[in-house]
Amino acid sequence: MSDLPIDIFTIIDLIIMSMLLVVGIALVRLNNLFAVVMLYGVYSLLAAIWFVSLDAVDVAFTEAAVGAGISTVLMLGAMLLTSREADPTPVLRRWTSFLIVAATGAALFYATLDMPSFGDAASPANSYVGLQYMHHTISEIGMPNVVTAVLASYRGYDTFGETVVVLTAGLGVMLILGIGVSGGQAAPSAPEVQSKTAKKSKDVSVKSTENHHIVLQVIAKMLIPIIVLYALYVQFHGDFGPGGGFQAGVILASAVILYSLIFGMEETRRAIPPRFVQIGTALGVLIYGGTGIVTLALGGKFLDYNVLNAHDPVHGQHLGIMFVEIGVLVTVASVMLAIYYGFAARYRELKDQDW
Amino acid sequence: MDFVLGHFNYWVVISLMMTGLYVVISTGNLVKKLVGLGVFQTSVFQLYITMGKVAGGQPPILVNLPELEAQAEAGAEHGAELVAEIATEHSAEIVPDPMIASGDQPAEVPAGQPLDVELSTPTDLPEVTSLPSEAFDPLMGVVYSNPLPHVLILTAIVVGVATLAVGLALVVRIRESYGSIEETDIDEAEYKTAGQGS
Amino acid sequence: MSLMSAISSISGLRDLLPHAAALVVVIPLLAGPIAVILAKARLAWLWSVLVAAAAFGLSLVLLGTVLGGETITYEMGNWPAPLGIIYYVDSLNALVISLVSGMALLALLYGWPMVEREIEPKKQAMFFGTFLICLAGLIGVAITGDAFNVFVFLEVSSISTYVLVAMGAGQNRQALTASFNYLILGTIGATFFVIGVGLLYMATGTLNMADISRLLADGDNDRVVRAAFSFIVIGLGLKTAMFPLHTWLPNAYAFSPSMIGVFLASTATKVAFYTLIRFLFSVFHAGAPFETAMFDYVLAPMAITAMIVCSVQASFQPDVRRLLAYSSVAQLGYMLLGLSMGTVAGLSAGLLHMFNHALMKGALFMAVGLATLGLGVIQVSEMRGMGKTMPLTAAGLSIAGLSLMGVPLTAGFVSKYYLVIAALERGWWWAVAAIVVSSVLAIFYIGRMIEAMYLQKPPSHGDDPVIVVRSPILAIVPLYILVAANIWFFFDPSVPKGLADSAATLLLGGGAP
């Protein structure tokens with residue numbers, strides 16, 4: 001079989017793997033939450049780099065945008081709203097946890113004894129369905145990026161489910177934290193929330209500091225159109241290179257979040273009202289599913305894009321993939337904003353407690 | 001030695017997975033639990049991506065699609081047949097009889113069907129799997145890594161961040177209600193209220 | 001089946017019937033976001049009822065087709081099996097899908113008066129939207145023939161469930177921690193499942209369940225496959241609340257909004273249990289030595305422990321809903337016991353018990369929700385005199401409780417009877433003993449409630465007997481539909497029994513036990 005020569009790629013892999021291990025161990029040992037969250041970002045970014053080295057460019061892009069980007073920012077936000085330090089783990093719990101983990105790990109190490117070698121082109125995983133996708137895409141989808149073809153067409157139904165998962169997360173954050181659809185602040189429903197007497201005066205001070213950042217405002221105004229343009233590029237270039245609705249949605253949302261950081265929440269809520277965001281979360285899923293309903297109406301099966309163009313099925317595939325990717329974009333961007341609104345609406349309470 | 005080189009990656013990935021799992025189980029801090037969950041999931045992604053790597057391959061983006069299309073449609077008349085053949089073969093074989101429920105009788109497997117040989121030694125399969133490439137190589141000799149794990153992991157990453165968002169929203173509300181995000185404090189608070197309530 | 005023929009006779013729908021397998025998931029999945037856009041609570045509720053009714057109708061169509069001896073396959077995107085994702089319906093999942101969509105419909109009917117009181121008004125539309133997504137996710141898990149698609153829809157249903165459970169926070173803040181624990185353990189379970197599916201993919205190169213099964217036909221001694229088996233069992237075990245992995249369940253059931261408690265108790269773990277069966281019997285080969293050893297030495301002892309330990313725990317719970325939740329874990333033990341026998345009779349009895357348990361636990365949670373609404377009841381001791389103050393609810397609760405004990409004239413008796421027969425057939429006398437012990441414990445903990453309701457005087461403040469809210473008629477009707485079902489399926493268990501038998505026969509490859 002393919003014997004692995006120790007070449008430059010192996011060395012890169014080894015370096016990344018050892019860095020991942022070091023970060024992992026540091027994560028276990030540290031109790032400062034700020035350090036833990038930042039290390040998680042580092043871990044994700046390292047993983048993304050490794051994915052590039054393993055040829056998974058689309059995954060690397062998403063991991064960098066979602067894992068190292070959105071996840072880390074969300075964790076930082078939640079950490080600011082909660083606490084900075086974690087209590088150390090009691091000794092007994094450490095050992096019981098270790099035993100569970102050791103048993104699980106042992107099962108996996110046992111499994112490696114029969115695993116095909118790394119990089120083996122003839123392993124079942126790499127030679128059966130995976131390889132067929134490469135062959136079929138040429139004639140059936142006609143799209144250079146096979147990952148996009150499989151994601152949006154062959155396994156497009158999975159991606160539909162995934163878009164719904166994103167919507168659910170958005171709904172979840174809106175339900176749990178509120179999004180302020182009715183105009184004012186999200187009213188925390190928990191009766192135990194501490195007094196908010198100092199709130200009014202703080203509002204004023206927050207506003208006034210935000211208005212001082214003129215340099216930031218000018219730069220942001222220049223940057224935001226470029227970010228939006230880049231998002232659109234990522235969206236529509238997904239057929240040819242790494243990219244697609246998920247990454248583009250995250251980038252698009254980040255443009256709005258940047259706007260909100262510089263110009264303030266109130267301004268952003270005026271520009272993009274929460275109700276609009278809420279409808280957007282739902283709309284994206286409806287665009288995706290609607291594409292499937294259209295294919296049903298045209299006599300095909302659910303998400304059978306071939307029927308979208310009666311004469312040229314390959315063109316139908318291109319159309320279908322474009323529609324569903326737009327659906328993904330709309331839902332992902334809206335949900336990211338909904339999550340941001342949900343968390344951002346809480347920051348005033350933070351000022352009372354933690355700063 | 002070959003075995004170690006070929007499986008070293010898996011061991012590292014497994015160790016990372018277990019590191020993440022350990023953090024989830026051992027810590028009593030809710031934010032750190034979610035971080036651990038993130039590390040656990042990210043490491044599982046690495047397991048998938050590692051198994052999809054093909055030595056000497058490149059990302060699954062077809063580098064010369066126009067020529068490939070030409071070859072598939074017109075150029076090699078043989079090739080077009082083969083591509084079609086793969087499709088019909090599978091639709092004919094799996095679809096009408098999914099036999100999902102009667103797994104123990106293997107279906108009539110046509111000769112040349114990839115992979116229906118001893119699974120205990122999956123590394124001995126090269127000639128069976130080279131079905132298309134012997135007569136006609138639709139990929140024109142370029143080696144690509146496997147796209148399928150990438151697709152699955154793209155899905156899993158998004159599912160992961162969705163879970164994380166809901167989890168963090170809950171943590172924020174828990175902090176507001178209990179004033180702490182440590183499991184021990186929360187349990188204590190519950191114990192107290194239970195004592196007063198009854 | 002007259003309903004089914006009525007539906008199919010409407011000509012406009014006839015074109016859609018070949019797509020029924022897809023639509024039963026897609027309709028609620030798309031209706032969820034529409035409910036969010038509708039924004040008006042009452043409108044969103046009406047819409048949800050319509051959608052759940054449509055899903056139930058479609059699942060009856062599927063059930064009718066399957067009863068006719070056919071299996072249904074539907075290729076998503078028209079891609080053939082190993083390349084694309086397929087939906088696959090046989091007698092096993094047709095039963096589960098009908099159960100889930102039927103319970104969703106009843107829970108929705110029951111839920112409106114509850115939701116009106118328990119959830120903030122401006123969140124109600126989103127709440128119903130999330131509920132519909134949860135429903136679609138559960139049906140999606142049950143109907144798919146693709147291993148990775150199971151994961152995606154498992155997460156669709158799980159994430160929406162975490163959110164729905166957390167909505168109980170308006171009543172009790174413990175809903176938040178319950179939801180969080182469920183989220184952590186549920187996600188660990190899902191990740192274990194993904195590891196298992198990844199290992200299966202590594203060993204076979206495909207994700208289609210039938211295809212995996214075909215390729216595993218002679219791969220039993222492969223260590224990757226064995227590890228995959230263990231990870232999938234543990235992952236789905238977490239979702240099923242299999243005994244030592246059940247710690248998330250009691251609080252999640254006890255503190256969720258009433259309507260969600262009803263729906264979860266009667267569906268969520270059932271779908272996970274179904275998925276476990278699907279993987280154990282139709283992806284892996286149940287007769288192989290490694291699997292048999294796991295059944296005999298891991299699953300069966302766990303099932304027995306659950307039946308006894310969790311029944312004892314239930315007996316000591318002061319909180320009614322936690323009592324019922326612990327009892328659910330114990331009842332899951334019965335189903336797992338049936339499964340672990342590895343015989344047609346055992347598996348069939350386990351499946352039948354799954355169906356009956358959904359009926360009884362649905363009714364019990366409905367009645368307890370009404371009691372909470374009417375009297376503010378949370379603890380068993382607060383139920384005293386309910387036979388007088390809330391006679392209808394108390395009667396419903398008692399009948400469903402009798403069914404849970406396994407008293408003759410109720411459905412619970414039938415499945416326990418078959419379970420005992422199957423255990424005797426297999427020669428597992430200790431299993432019979434465990435069933436008896438567990439049933440005695442059930443008599444004790446249900447008896448506590450019945451005793452409080454009928455033999456104790458209602459609490460009184462001064463002269464007036466306290467009654468806060470009369471049970472809304474809209475909520476009483478679904479309760480009594482379930483109570484009636486509990487009695488009906490004692491006298492005529494032929495449909496579920498027939499389906500369970502044919503499913504068990506199919507799963508075990510048609511061989512006699």
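Where chain C meets chain A, the contact (heavy atoms within 4.5 Å) draws on 63 residues of chain C and 55 residues of chain A. Keep in mind that this is a predicted model, where local features need pLDDT of at least 70, side-chain atom pairs count only at pLDDT 80 or more, and totals for chains, interfaces and linings use all residues. Residues are numbered from 1 along each chain as its sequence is written, chains are lettered from A and ligands numbered from 1 in the order written, and side-chain values use heavy atoms, leaving out hydrogens and water.

How much area is buried between chain C and chain A? About 5200 Å², with 70% of that coming from carbon and sulfur atoms; buried area here is the accessible area (1.4 Å probe) that two parts lose on being put together, summed over both. On the chain C side, C:Trp79, C:Leu83 and C:Arg223 supply 16% of what chain C buries against chain A, more than any other three residues.

C:Arg223 turns up again in a salt bridge with A:Asp114, the closest N and O atoms being 3.2 Å apart. The rule (a side-chain nitrogen of Lys or Arg within 4 Å of a carboxyl oxygen of Asp or Glu) finds 3 salt bridges across this interface.

Now for that helix: helix 13 of chain A covers residues 274-297, helices being DSSP runs (H or I, at least four residues) numbered from the N terminus. Its 24 residues reach 34 Å from first C-alpha to last, close to the 34 Å expected, which is 1.5 Å times one less than the number of residues. A:Gly299 follows helix 13 of chain A, with a positive phi near 95 degrees.

Technical notes
Helices (H or I, at least four residues) and strands (E, at least two) are DSSP runs, numbered from the N terminus.
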